[in-house]
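My entries are kept in the order in which I made them.

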Amino acid sequence: MLAVLNREPALRVSSQAIRGTAEPDGRPVLLDSSLYLPERTPAPAILLAHGFGGSKAGLDGQARTLARAGYVVLTYTARGFGASGGLIHLDSRRYEVADGARLLDYLQSRPEVARSGNRPVVGVAGSSYGGALALMLGATDRRVGAVAADITWNSLAGSLFPNGAGDSAATAQAAGVFKKLWAGYLFSSGFAPATAGSSGSAPADGAGPAGSSGCGRFAAELCASYQRAVAGRPDLRLATLLSESSPAGVLSGMRAPTLLTQGEQDSLFGLSEADANARQISAAGAEVYVRWRSGGHDAPGANDDVTGLQRRFFDSQLRGRGDPGSTFELSQPGAGISSTSGRTVDTTLRATGYPGVAGARFGSTPVVLHGTPQRISAPAGGTPAAVSTIPGLGDLVGGVAGLGRGGAAGRGSQP
């Protein structure tokens with residue numbers, strides 16, 4: 001009798017620096033990247049982008065899973081973080097998105113990447129900061145054949161300044177309540193010093209040109225606009241910068257099929273952001289698939305399998321295998337009861353297709369409010385009273401989530 005051994009597919013991993021987009025003053029930028037090659041090539045490729053404050057190291061597990069599934073995978077550390085050079089421009093189309101095009105150039109040059117005609121067969125995926133990058137790159141570069149974006153934004157101004165007049169904070173008067181806690185947490189993530197071996201605009205101590213004024217590796221203009229917003233003076237220049245960092249401005253050009261996964265526990269980028277992305281992508285004529293998952297920026301989802309969802313989606317779009325995910329799913333926390341423990345458990349609801357895109361079967365329901373007129377808005381600081389998350393403190397206070405209204409829930413996914 002012969003024993004059959006399950007042999008792990010052989011992976012080859014290499015690290016290299018890829019030239020990114022130069023800074024405004026002309027200084028070159030090198031991006032720290034890793035290439036994962038599956039056992040058999042040529043194969044479809046996937047570019048993975050990380051969350052804000054992260055690096056390529058945080059994508060290693062996901063990259064290996066996809067490479068074992070037969071994909072060429074390229075991970076990288078975004079400019080301004082880790083061992084990559086350059087400054088943080090907050091997913092600007094002129095810098096981070098332009099870097100994404102350079103990374104696609106690199107994949108296109110590799111003989112291990114499958115081709116369709118004169119184009120590489122490639123998808124782009126990312127969460128939060130990386131998800132916005134994936135959407136904007138997919139909408140502006142025709143080489144992208146599929147996009148998977150998780151817990152990300154449509155309008156960054158609308159997310160950071162909710163309840164304003166419109167969704168773009170075009171003037172200081174139009175800006176909504178500033179989410180200072182979230183913005184402060186994100187901004188502090190950009191203060192990590194440059195890693196040894198990085199090159200580009202970040203000096204050895206990690207400070208950018210504005211380092212002397214406490215801006216870490218942020219571009220000086222972005223830093224100055226943030227400081228004015230914190231002081232209560234969001235201005236037109238900040239609105240312009242946030243617009244350049246928002247998928248909302250480019251999704252009319254999306255032609256690639258797109259998977260959007262959004263967290264139900266997310267006070268930073270709520271479900272409305274995915275809905276706005278889905279509507280724009282659908283209006284552009286591209287296929288769009290939506291999933292709501294139990295976690296988000298506020299808390300991890302115990303049963304969330306974003307990598308599995310994205311893999312099945314890429315299998316369908318890049319290999320023509322299986323269902324891309326035509327069933328819409330959402331998680332209902334505590335809606336069921338376990339037959340073994342008697343405790344409440346999450347249940348999953350399913351529908352055929354996402355009802356929020358054009359042609360929705362759900363109509364609006366009028367709600368009558370009584371009492372004196374008053375403005376409905378998030379409280380100062382941007383933390384809704386019904387959400388007990390404190391950005392940046394989740395690891396310390398996550399265990400006291402059950403203390404009641406004043407309790408705090410653990411912080412989940414990296415922005």
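**Entry 1: ground rules**

I am working with a predicted model, in which local features need pLDDT of at least 70, side-chain atom pairs count only at pLDDT 80 or more, and totals for chains, interfaces and linings use all residues. Residues are numbered from 1 along each chain as its sequence is written, and side-chain values use heavy atoms, with hydrogens and water left out.

**Entry 2: the whole chain**

I looked up the secondary structure and found ten helices and twelve strands in the protein chain. Helices (H or I, at least four residues) and strands (E, at least two) are DSSP runs, numbered from the N terminus. The protein chain has 415 residues, and 51% of them count as buried. Buried means under 20% relative accessible area, exposed over 50%, and partly exposed in between (1.4 Å probe, protein chains only). I then looked up the surface: the protein chain exposes about 18,900 Å², with 53% of it supplied by carbon and sulfur atoms. These areas come from the Shrake-Rupley method with a 1.4 Å probe; for residues, only the protein chains shown count as cover. For contacts (heavy atoms within 4.5 Å), I took those between residues at least 6 apart in sequence, and 69% of them join residues at least 24 apart.

**Entry 3: H2 against H3**

Two packed helices are described by the angle between their axes and the distance between the axes. At what angle do H2 and H3 pack? Helix H2 (residues 96-109) and helix H3 (residues 129-140) pack at about 70 degrees, and their axes are 9 Å apart. Axes are lines fitted to C-alpha atoms, for helices over the stretch in contact, and angles run from 0 to 180 degrees between N-to-C directions. H2 and H3 are therefore roughly perpendicular to each other. The classes are: under 35 degrees roughly parallel, over 145 roughly antiparallel, 65 to 115 roughly perpendicular, and the rest oblique. The crossing of H2 past H3 is right-handed. A crossing is left-handed if the near helix is turned anticlockwise from the far one by less than a right angle, and right-handed if clockwise.

I listed the contact residues: Glu96, Val97, Gly100, Ala101 and Leu104 from H2, and Tyr129, Leu133, Met136, Leu137 and Thr140 from H3. By type, the contact of H2 with H3 holds seven nonpolar residues, two polar and one charged. Here Ala, Val, Leu, Ile, Met, Phe, Trp, Tyr, Cys and Pro count as nonpolar, Asp, Glu, Lys and Arg as charged, and the others, Gly among them, as polar.

Helix H5 (residues 180-189) and helix H6 (residues 220-230) cross at roughly 150 degrees, and their axes come within 11 Å. H5 and H6 are therefore roughly antiparallel to each other. H5 passes H6 in a left-handed crossing. On the H5 side I found Lys180, Ala183, Gly184 and Phe187, which meet Cys223, Tyr226 and Val230 of H6. The residues of this contact are five nonpolar, one polar and one charged.

In helix H7 (residues 236-244), I noted Leu238, Ala239, Leu241, Leu242 and Glu244 as buried. The buried residues of H7 pack against H3, H6 and helix H4 (156-160).

**Entry 4: backbone exceptions**

Most residues other than glycine have a negative phi, and most peptide bonds are trans. Which residues does a cis peptide bond join? Thr41 and Pro42 are joined by one, with omega about 0 degrees. Pro42 sits in the loop between strand S2 (30-37) and strand S3 (45-49).

Asp91, not a glycine, has a positive phi of about 60 degrees. Asp91 is in the loop between strand S4 (72-76) and H2, and counts as buried at 1% relative accessibility. Ser128 also is not a glycine and has a positive phi of about 60 degrees. Ser128 is in the loop between strand S7 (122-127) and H3, and counts as buried at 1% relative accessibility.

**Entry 5: single residues**

Asp99 is in helix H2 and counts as buried at 2% relative accessibility. Leaving aside neighbours within four places in sequence, Asp99 is in contact with Gly20, Thr21, Leu31 and Arg79.

Gln280, in helix H8 (residues 271-283), is partly exposed, with a relative accessible area of 25%. With neighbours within four places in sequence left aside, Gln280 is in contact with Asn154, Ala248 and Leu251.
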